[in-house]
Amino acid sequence: MTLCFRVAWSFSYPSQLTRHSIFATRNAICQSKWSKLGYYRTHRPLSRLSSFSGLQLNSPPKTGLKLSSSQGDWLRRHITAVVTEKSQKFTEEAIRENIPKRVVGEVYHSFQLVEEEYVPDIDSVIRKYVHTKTGAQLMSVLNKEENKTFGVVFRTPPANSRGTPHILEHSVLCGSRKYPVKEPFVELMKSSLNTFLNAFTFPDKTCYPVASCNLKDFYNLVDVYLDAVFYPNLTPDVLKQEGHHFELYEENGPITIQGVVYNEMKGVFSNPDSVMGSWSQRCLFPENTYGVESGGDPKEIPDLTWSEFQDFYRKLYHPSNTRFWFYGDDPEDMRLQKLQEYLKDFEKLSVDSKVKLQSRWTQPRHFTFGYDAGSEKLEKKHMATVNWMLTDVTEDPTKLLALSVLDHLLTGTSASPLRKTLTDSGLGEEVIGSGMETDLRQLTYSIGLKGMAKEGCEKLENLVLDTFKRLSQDGFSQGEIEASLNTIEFMLKEQNTGSFPKGLALMLRSLTTWLHDSDPLVPLKFDVPLQQLKEILRKDTKYLNRLIDEHFIRNTHRAYVSLVPDPEFGSKQAEKERKRIEDFQKSLDKNGIQQLIQETKRLKEKQIAPDDPAQLAKIPALKKSDIDQKAPVIPRQVTSLEETQLLLTPLFTNGIVYFDMAMDIRQLPAHLLSYVPIFGECLLELGTTKEDFVSLQQRIGRETGGIRQSVYCSQMDVPNSVGGGYGPAVAQFIIRGKVMSDKTGSLFDILRDVLFDIDLSNKERLRQILIEEKSGVESSISPSGHRVAASRLNAQYTTSGWADEQMGGISYLRFLSRLVQRLDSEWESIRSDLEALRSFLLSRAGMTIQVTTDERTFESSVIPCLRQFLQQIPKDRQALKDVVPWEQRIEKQKRNEGIIVPSTVNYVGKGANLFELGYQPNGASVLAMKYLGISYLWERIRVQGGAYGAFGKVDLRSGQLVFLSYRDPHVKKTLDTYDDAASFLSQAQLSSDEIERCIIGVIGDMDSYQLPDAKGFTNLIRYLGGVTQERIQERRDQVLSCTNKDLVDFGSVLGSVASNGSIVAVGSEQSLQQANAQGLDLHLFRATEDE
C-alpha cells in the first residue's frame, strides 16, 4: 500500500512512518498484484514502484517548484491546479445552505462550538467543538463529499517496546458491550459497503477510521467502532490471542509462542528496511516515546502482562484523551447526537499523554546493529542512514512548507542532487531513507544507501555532509526550484488520494499539529503558506541555502545508523526464543505441563466456537433493499483518432487532463519480454539525445503533474455462453500522465521526446537504473512473500500470469541479475534489444488511448495536441524477421515450490485454475471465496494459527483461484487448512440473513469508491479485457441471487483444488525443510539464485 509524499501538507496516504493496522484486508491485498500491506515503515527505497517521474512518492503504487526571481507573475504562468467552475465546485455559500447555523460559544448536544471557519483550500466549513462534560475534542468538517469519513484517535505514547498500543488496537475490535461477538470487525467486513475499514498504530497515536458513501452504512460503522473503543470486552484470552501466549498440544510436543501481533512483528523485523527504519527513528529519540517500537519488538512482546495491558487502556482510552473527526455530507446533528450517546456516561479525567520533547545533542552519535541478510553474498549487504532531528512540527507553517520543498529538491526525483550524488557515488545499490518525516512531534530527516560494502558505509556520512555543504553554498537552479514547486502545488490542489478516503488523509494531516495541542486547521491551509514561500524565494535567493545550513550542517542532533549483515543473526534470534521457552518450561512441573495443554485446548475451543446467532444479529447491517440492484456505470465514449482507438471518460476533473496510452505487447519477441519494465524506467530516467535525465526530470516536474509507466497483464473476458476456459491474454505496456488542460501540449511534447529520442547510448546511467531496479525487486521478496507466491502460482497456469512473472517476479529478478553481469561484455547486444523494443512499441498498431476530462476540455485542449502527437507515430510496426512472439514460447511448469528467504515467518500459497478443472467461475464463486476469507480462513489461520492474515481470491476472467497467507508461523498446517476448506464449505448452513450479509460485502467490493482518474483507468482496463457493462451486471446478478446451495456446490470445486493444486511457500530454509519432512514435496531454491 506503498504512495505518500510526506510533507506537512501532504495529500495522500498515511505517513510511511511506522504504521500497524488491525488487518491488511483481503480486498486491499488482493487487488491486481496483491499490493497493499497493513504495515508501513519510514525507511524504504526512495521512489521505487513505477516511476511517477516528477512526483516523489515514498510509499505503498514510483513517481517533481520554482519561483522565478526575475518574474513576478509566476502565479499567472503556473496556473492553479484547481479550476473553479461555479456549476460544479462547491462554494462556501453552497455548503452553508445545507448545514445548520451555529454560534461560537453556544452548546449543541453537549458540545460547545469553540471555532468555525471556511477553509477554501479543501472547500469545507470546519467547526471545532469541545464536549462540555469530558473535554473530548471534535473536528466537524462539512462539505459535499459523498465519501464520508469518521475517525476516533487516542494519544497513545508507549513507554517500552512490548507493543501495548498495537496489541490494544487489535484487541478492542474483538467484541464489545453492545456487540459481544468474537470479531465485530470481521462481521462488518462481511456486510458493509465501506470504502475504508481498519485501524492504525503510530508511534504516538492510535486511529480507528471508517468511511462509506452510504449514510446508513456509515453510521453503522461509527456505532460499532465507538462501542469497541469505549466498551471493549478485554480479557486475558484476547491478550493471548492478539498478543502472545505459550502453546502446547501434547506432553512431549514442542512449546511455541504464538499471537497475531507477535507473528506480525516477526515478519516486520524480517524486513531489513523495516529494521533500518525502526533503529533510525529510535536512535534519534533516546529520551521520549519515539525511542521505543510502538508496534512491538518480538523480543519484548512476551513480557507484556495483563496488568500493564489493562492499565494502558484505562489510562488512555478515555474521552478526555480523544480526538474525533467527521468529514463529508452527513447531517451534523447526527454526528453530535451519536457522540453524545457514547460520551454521556463519562466524567472528565486528567490524562497525561503528551509527547515530551527530545533534548538536543551537542555532538552527533553513531550506532551499529546486526541484521539477518541470509548467509550468502553478504559482502555487499551493508546499509546505513544519516538521520537528523529537525524542528518542532508546530513550527511556522511557511517554514515547514519550505522544508518540504527542500526535501523534494534533495531527493524527490532521481535527478535531485542529493539522491543523484548518492547514486553516482557507486557506494551502494539503492537510495533509502524517508526523507523528511512530519508525523512526529519533532520532524526528522533520513537518507542513506543499501547494498553497500563495508568500505562504503565508512564513506557515506562524509559524502552526505559534503553534499549538503556544497548545496548550502551553490544552492539550486531556477529549473530545479520551479519543478519542485509546481509538483507540490499540483499535488496539494489536485487532492488526489486514490482509493484512500480524502477525509482520512485530511484527518491524518490535521493530526500532525492537533495531536500536540496546536491548531488543527493550520495543516489544512496550504495556499497562504505557499504564496508566502514563493514571495520569500523571489526576494531571497539564498533562503534555501540557509535552511540547509541551519538544519543539516550546523545541526549536531545527528545519528549515523549502520546495519551489518550477520550470517548468524537469524540463529541467534531463534536461540533467544528457544531460551525463553526453555526457561518457561523449566518453571513448570508435571501439573503445570498438563495445565498448559488444557489451557491451549481451552483457548482453541473458545476460538473455534461459533458466536450466538442472537448476538450476531445485533451487528448492524444493510439489506439488499438498501443497495442498487444495477451496477454503477462509468461513462465512456469510444471513437478513433488517426486510426488509433480512443476512449474518453467524460468527467469533471478540476481542469486536469488524465492521459493513458496502452501498447499491446502480445506479439513482442520472446527475448524482449523481460526488458519491458526496465525499458519503462529508461524512458523517464535515461534522458534524451536533446536533454540529459536531470533536465528531463525538471521539465516533467515543471510542466506536468507526473508521468509514470506500468505493465498490465490479464485474460480477455469470455461470456459463459462460449465456455471452455479463459480467453486470449491481455498484455499491455501503459504510459500514464496528468497535466493542467492549458499545458496538454507540453505533456505530449515530453512523451514524443522520450519515445522518439531516448538516449539508449548512456551505458553508465543504464547501469545505475538496473542496479537500483534489481535491488528494489530483491528487497521486496521477503516482506511481500504473498505476492511472490501468487505470482509464481499464476505463472504455472495462465498465459498472462506467466508473462507477468517474467516482468515482475523472480524470473524478472534473475533477468536483471544477468543483465547487470552482461552489461559490459554484451553492451551492443543489450542496446540493440532496447532499440528493437522501442521500435516495436512505437506504432499505432495495437495502441489504445484513454483520456479522462470533461468534454469541452477534451475537444478544445486534448484533441488538437493528441492528433499532432499521433501523426508522428508510425501506423504499422516494423517487421521483425525470424523472431517468435513470447506467447508461442511459454514454458509453464506445474510444481510445488519452496522459496528460501531470510525470514522468521512464512507466506503460504496454493492455487489452481478452475477452467482446467472443468468449472466456470461466476459471481457466486467470488462470494464463496470472500466468505471463506472472513470466516474459516480468518478463524483457523489468523485467530487460531497466529498468522497476520489469510485470504482467497478467484479471478473470473482467468479462472485462477489462490489461497494465500501472510506473516504465517506455519506451512504444512496452513496448507491442510486450505484443503479442508472444501469440507467446511460443503457443510455450510448459512441462513438467509447470513447470505445477505455476505452479498452486501461483495457488492461493496464491486462498487469501490473511485476518483475520476481511477474511473478512467478502470474504463481502459475493462475495454482492453473485453469486459462489457452487460457482463458486469450479469456477475452482479449472480452475487445478488447467491444461495447457500451455491456455497455448498463450490465446496466440491475446492475439493478438486485440494487434489490438483500447486503449492508455493516463501520462508526460511528451516521452515521449508521442516514442511518437506512433514510430507510436502517442495522444490527448494533461493529467490536470488538461478536454479
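I looked up where helix α4 touches helix α8 in this predicted model, and I found that H166, I167 and H170 in α4 meet V260, V261, E264 and M265 in α8. Sorting that contact of α4 with α8 by class, I noted four nonpolar, two polar and one charged residues.

I then turned to the geometry of this pair, in which α4 covers residues 164-171 and α8 covers residues 260-268, and I read that their axes come within 10 Å and cross at roughly 125 degrees. Angles of 65 to 115 degrees count as roughly perpendicular and those over 145 as roughly antiparallel, and α4 and α8 are therefore oblique to each other. I also recorded that α4 passes α8 in a right-handed crossing.

Next I looked up a second pair, helix α15 (residues 478-494) and helix α23 (residues 693-703), which pack at an angle of about 40 degrees with their axes 7 Å apart. I wrote down that α15 and α23 are therefore oblique to each other as well, and that α15 passes α23 in a left-handed crossing. On the α15 side I listed G479, E480, E482, A483, N486 and T487, which meet Q698, G701, R702 and E703 in α23. By class, I noted for this contact of α15 with α23 one nonpolar, five polar and four charged residues.

Last, I looked at helix α24, residues 744-757, whose 14 residues reach 20 Å from the first C-alpha to the last, close to the 20 Å expected at 1.5 Å a residue.

Terms used: Residues numbered from 1 in each chain as written. Predicted model: local features only at pLDDT ≥ 70, side-chain atom pairs only at ≥ 80, totals over all residues. Heavy atoms only, no water. Axes fitted to C-alpha atoms, helices over the stretch in contact; angles between N-to-C directions. Helix = DSSP H or I, 4+ residues; strand = E, 2+ residues; numbered from the N terminus. Parallel < 35°, antiparallel > 145°, perpendicular 65-115°, else oblique. Left-handed = near helix turned anticlockwise from the far one by under 90°. Contact = heavy atoms within 4.5 Å. Nonpolar A, V, L, I, M, F, W, Y, C, P; charged D, E, K, R; others polar. Expected span 1.5 Å × (residues − 1).
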